[in-house]
Amino acid sequence: MIDEELRLPKGSDDTYVQKLLKTHNSNKNYFAKVLKRPKNFLVMHYAGDVEYESRGFLEKNKDRLYEDAYDLLSRSQFKFLANMFPNSDIKGDKQTLGAKFRRQLNDLMRTLNQTFPHYIRCIKPNAEKAPMSFTVNMCLEQLRYSGVFEAVKIRKQGFPFRYTHELFLKRFKCIDQKRNWGRAKDACYALLKAMKVNTAQVGERRVLYRATEHRKMELIRNVAVEKRAIFIEKFCRRYMARKQMKAMMAIRPKLQAVLRSRDLKKLEDSLEGVGHIYYPMREIYQIKRLIFCIKEEKRLEK
């Protein structure tokens with residue numbers, strides 16, 4: 001809007017404010033006029049109301065040097081200075097300060113959307129900067145004044161959990177493995193209905209829900225996963241038990257034959273071949289007992 005005002009022949013700061021008030025007059029929650037100072041306007045930011053003075057707005061938005069000065073700086077042999085004033089801006093369309101800011105903001109948002117940024121808020125645990133010292137009031141004041149509590153409050157009021165339809169289906173379809181869920185978006189509605197979650201929102205691409213719904217759905221999922229885990233564990237235990245039983249049945253005749261022989265070397269060798277037997281067999285216990293008795297007999301004979 002301010003760029004349009006610059007292109008008008010009779011554009012001024014006063015006409016800009018009038019156009020601004022006319023455009024945003026219906027938005028009472030974020031924008032208002034100042035009755036005592038008609039050339040000013042009020043923007044209601046999150047941190048508080050801020051009054052802006054319109055004097056010099058258009059001139060500041062131009063942010064241009066004289067063409068001779070710009071041409072001189074763009075031809076500088078100092079590369080850093082020449083990059084700050086590219087020669088293409090002289091011949092091409094001259095951007096205003098607002099246009100440059102919009103372009104930089106769009107570039108920043110494009111970069112943020114392509115990445116997964118994580119913000120870390122650092123606080124001082126004590127005034128002395130000493131280790132292993134924690135001042136409660138000091139930390140509480142830093143968290144309160146830096147807006148951490150307010151950020152958490154806003155986050156809770158919004159939808160912090162956002163899964164795509166495919167990921168939501170992949171995560172929660174385990175509550176009923178026998179059911180054919182069909183298309184991803186329709187399956188999301190069916191899953192929410194099955195879990196009795198009424199406050200979650202299904203958008204065009206994502207499923208949005210809050211922490212309360214997240215805890216409820218995760219609990220239902222954990223119960224379903226536990227049932228599946230017990231079912232799988234049952235078959236694994238049965239397989240291992242059958243395998244162990246077959247091994248025990250195969251080695252039992254050999255162990256009984258060794259017991260009847262009462263040969264110390266054969267008895268000791270037989271224990272080395274039962275390392276894969278984990279169940280306490282009676283024959284293994286008898287062999288160990290017999291080895292001890294034979295060794296004691298030989299010791300007494302000496």
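**Reading a sheet and its core**

Mentor: Welcome! Here, three strands make an open sheet in the order 4-6-5, with antiparallel pairing. Keep in mind that this is a predicted model.

Trainee: Why is one side of strand 4 and of strand 5 left without a neighbour in the sheet?

Mentor: Strand 4 (161-164) and strand 5 (201-202) are at the edges, and each has a single partner strand, so one side of each has no neighbour there.

Trainee: What holds strands of a sheet together in general?

Mentor: Strands of a sheet pair through backbone hydrogen bonds, in either a parallel or an antiparallel way. In this model, strand 4 and strand 6 (residues 206-209) run antiparallel and are joined by four bridges. For one example, Tyr163 has Val207 in strand 6 as its bridge partner.

Trainee: Which helix packs on the sheet?

Mentor: That is helix 10 (residues 165-172), which touches strand 4, strand 5 and strand 6. The direction of helix 10 makes about 95° with that of strand 4.

Trainee: How should I read a nonpolar core?

Mentor: In soluble globular proteins, nonpolar side chains tend to be buried together. The largest nonpolar core here has 17 residues, and Phe168, Leu192 and Met217 touch the most other members. Helix 10, helix 11 (184-194) and strand 6 are the elements giving two or more residues to this core.

Trainee: Which element gives the most to this core?

Mentor: Helix 11 does, with six residues. Look at Leu192: setting aside neighbours within four places in sequence, Leu192 contacts Phe168, Val197, Ala200, Val202, Val207 and Met217. Another core, of 16 residues, lies apart from this one, and includes Ala247, Leu255, Val274 and Ile291.

Note on methods. Residues are numbered from 1 along each chain as its sequence is written. This is a predicted model: local features need pLDDT of at least 70, side-chain atom pairs count only at pLDDT 80 or more; totals for chains, interfaces and linings use all residues. Side-chain values use heavy atoms; hydrogens and water are left out. Two strands pair if DSSP finds at least two bridges between them. Contact means heavy atoms within 4.5 Å. Axes are lines fitted to C-alpha atoms, for helices over the stretch in contact, and angles run from 0 to 180 degrees between N-to-C directions. A nonpolar core is a set of buried Ala, Val, Leu, Ile, Met, Phe, Trp, Tyr and Cys residues joined through side-chain atoms within 4.5 Å. Buried means under 20% relative accessible area, exposed over 50%, partly exposed in between (1.4 Å probe, protein chains only).
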